[in-house]
Amino acid sequence: GRHFGYVPGYRREMGADKMTATEALYKFFSGFNLPAYPDTAVPSDTVMPYLTYSVSVGGGGDMANSLTVKLWYHTEKEAEPNAKAEEISRAIGRGGIQLPCDTGTVWLMRGEPWCINSTFESDQSIKLRQLNVAAIFNTI
């Protein structure tokens, strides 16, 4: 079955001016036709494919924070997880993307290296894509 990501306090009817920075991150990462979860809140019954992301919130105007997005696929093939990593890369774009939130914006950019391909230690059919994202919190 399809599972939906959950962030405590998130309401779908919220506009950008009412979303917190963490809710804006959730909304962005949920926009890729995969269930999205903060890496500390993955339900035990989650079915692959899905993505997880680290939540690291900085103060207004601080240096870029590193966020890690992991794409989890149970497959023998590389094409599907590679295509999803490319889709997220295009959404962020060369200059990054600014996510509006209640206190300003969260500016996401592709980190270096962008994508690291790996498999899960105990099961080679679980393909992981680790995406490195830089985030600047232009918030007050």
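1. Strand 5 (104–120) and strand 6 (123–139) run antiparallel and are joined by 13 bridges. Two strands are taken as paired if DSSP finds at least two bridges between them. Helices (H or I, at least four residues) and strands (E, at least two) are DSSP runs, numbered from the N terminus. Strands 5 and 6 form a hairpin, with two residues between them. Within this pairing, Trp-107 stands opposite Ile-136 of strand 6.

2. The model is predicted: local features need pLDDT of at least 70 and side-chain atom pairs count only at pLDDT 80 or more, whereas totals for chains, interfaces and linings use all residues. Residues are numbered from 1 along each chain as its sequence is written, and side-chain values use heavy atoms, with hydrogens and water left out.

3. The sheet is open and has six strands in the order 1-2-3-6-5-4, with mixed pairing. Its edge strands are strand 1 (36–38) and strand 4, each of which pairs on one side only. On average, neighbouring strands are turned by 30 degrees against each other, direction ignored. Axes are lines fitted to C-alpha atoms, for helices over the stretch in contact, and angles run from 0 to 180 degrees between N-to-C directions.

4. Strand 3 also runs antiparallel to strand 6, and ten bridges join the two. Facing residues in this pairing include Val-69 with Leu-131, Leu-71 with Arg-129, and His-74 with Ile-126. Strand 2 and strand 3 pair in the antiparallel sense over four bridges, and Tyr-50 stands opposite Trp-72 in strand 3.

5. How enclosed is strand 6 by the rest of the structure? Of its 17 residues, 13 are buried, so strand 6 is largely enclosed. Buried means under 20% relative accessible area, exposed over 50%, and partly exposed in between (1.4 Å probe, protein chains only).

6. Helix 1 lies across strands 1, 2, 3, 4, 5 and 6, running at about 130 degrees to strand 4. Helix 2 packs on the sheet and touches strands 2, 3, 4, 5 and 6. The direction of helix 2 makes about 160 degrees with that of strand 5. Contact here means heavy atoms within 4.5 Å.

7. The largest nonpolar core has 27 residues, and Leu-25, Phe-29, Leu-51, Leu-71, Val-106 and Leu-108 touch the most other members. Such a core is a set of buried Ala, Val, Leu, Ile, Met, Phe, Trp, Tyr and Cys residues joined through side-chain atoms within 4.5 Å. Helix 1 (21–29) gives the largest share, six residues. Helix 2 (79–92) and strands 2 (50–53), 3 (65–74), 4 (97–101), 5 and 6 each supply at least two. Apart from this core lies another of five residues, among them Tyr-37, Tyr-50, Ile-126 and Leu-128.

8. Not counting residues up to four places away in sequence, the contacts of Leu-51 include Phe-29, Leu-34, Val-69, Leu-71, Trp-72 and Ile-88.

9. Rings of Phe, Tyr and Trp (its six-membered ring) pair if their centres lie within 6.5 Å; planes under 30 degrees apart count as stacked, over 60 as edge-to-face and the rest as tilted. The count by this rule is six aromatic pairs. The rings of Phe-28 and Phe-29 have centres 5.2 Å apart and planes at 70 degrees, so this pair is edge-to-face. Phe-28 is buried at 11% relative accessible area, and Phe-29 is buried at 0%. One aromatic cluster consists of Phe-28, Phe-29, Phe-32 and Tyr-53.
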